[in-house]
Amino acid sequence: MVFSSLEFIFIFLPVFLLVYAAVPKKLKNTVILLGSVIFYSLGVKKPVYIVLFILTTMLNYIVGQFIEDFPKYKKPWLIFGIAFNFWWLIFFKYWTFGTENLNALLGTSFTLKDIILPIGISFYTFQNVSYIIDVYRRQTRAERSIINYGAYISMFPQLIAGPIVTYNTVAKQLRNRTHNIRKVEDGLKTFTIGLGYKVLIANQIGGLWSDISMIGFESISSPLAWMGIFAYSFQLYFDFCGYSLMAIGLGKIMGFDLPKNFDYPYMSLTMTEFWRRWHMTLGTWFKDYIYIPLGGNRKGKAAQIRNTFVVWLFTGLWHGASWNFVIWGLVLFAVIMSEKFWTGKFLNKHEAAGHLYMILIIPVTWLIFAVTDFHELGIYFKRLLPFLPQKTYAVLDKDYVKYLGIYKTYFIAGILFSTRLPKKIYDKIKNSFVGVILLLAVFWASVYCMYKGLNDPFLYFRF
């Protein structure tokens, strides 16, 4: 079940909210826990994954208490907890990838099992690990209520694809939070905007990338190739940003203030700035639990480069068990290092140059992210740069004109809503009659598209 589905909007969510509103304050976290487990159960492909989720939640709850109650042995308990959490992530996400590469390297033929990735495991693993590390560092107290800890980990708005919420962020809210009509209203508005991002922009412009994939990369013109990676860039942004906004909106309805995950990243002047604005909770997690513990930038330039390299290697691997993600992470590392020591000052000083630079580099890096097959990736790069030697294939004359005619409205929407202008306008009218009518139009247009089947799963579910 996904947020952008009729089942969620018209069945699960109303039933959950009615029960949540009806129970007394002391039982609301219990409703969150039970409702979230049901929500998760409706999305997983194997019942055993529900058992795994509950097991990991309970074990981290216990480990946190052992770390706090037995300080003499807190380090072994921390190591055990981290190893337990990452073992399951490694097994489900990287086992097949590792076995394939081992077979290729050694000429062996180890049997590969069809391992299905449990949905959301990358996100709830990071939350569990951050919790026990924070208890170990004495930055938070161990949670003594299994209901509260279970509600924190399982909270369905952020369970499947973030934002990655650390326990510190919501610890006080788990015990005491405000429920009022203003928060419900703000939450519904935020949810509706996120729904529009996902259904009316991401899904629609994503159709161009699907069309190009069906045509075949070798049979598209250079203009259409550029249009394709711009379309994918918009699809990925509005898909994930839309999900994050819906999660934040649902959190508000339940009385929680979940952290912001995007801050108009496509308006950045450098990739360094871009990754401070994109998936901000993931970036904060890597900074707090990998970069700074390794020494950050406190131990000289060489150590800083090494630490940054490790972060971007892990960032690539976190997104997927495939060599294209590794290369994607290392390309970003190289770009960010070049900005730090060479181009960054110039790009930040000259905004026009910075925006032009980002217009070109963002979609190219997303191309490495999107295409897992290196042969296909090579073909696409050659299509972007037609002066490179390449085989001749049949290409529809002026194919870009045809597809621009189909998708131009969504490109305009993608460009416009990547800027702050729509939000500035919306902030002025959101409490007016016009604002209400606008949101209702977005909601029912989204419902219509979902009813007609014009909807896709969230892209970040696969990560």
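Mentor: Before we begin, helices here are DSSP runs of H or I with at least four residues, numbered from the N terminus, and the model we are discussing is a predicted one.

Trainee: Which element gives the most to the lining of the second largest pocket?

Mentor: The pocket in question has a volume of about 800 Å³, and its lining divides by class into 10 nonpolar, 11 polar and 5 charged residues. The element that gives the most to this lining, with 7 residues, is α12.

Trainee: Turning to the largest pocket, what volume does it have, and which residues lie nearest its centre?

Mentor: The volume of the largest pocket comes to about 1000 Å³. Its lining is made up of 35 residues, and those nearest the centre are Ile193, Tyr197, Leu245, Lys423 and Tyr426.

Trainee: From which element does the largest share of the lining of the largest pocket come?

Mentor: Two or more lining residues are given by each of α9 (181-215), α10 (222-253), α18 (421-429) and α19 (433-451). The largest share, 9 residues, comes from α9.

Trainee: How many residues of the lining of the largest pocket are nonpolar?

Mentor: Tyr counts as nonpolar in this classification and Lys as charged. The lining includes 6 polar and 9 charged residues, while the number of nonpolar residues is 20.

Notes: Residues numbered from 1 in each chain as written. Predicted model: local features only at pLDDT ≥ 70, side-chain atom pairs only at ≥ 80, totals over all residues. Heavy atoms only, no water. 1 Å grid on protein atoms, 1.4 Å probe; cavity = no way out; pocket = protein on both sides within 12 Å on 5 of 7 lines; lining within 4 Å. Points joined across faces, edges and corners; volume = space filled by probe spheres on them.
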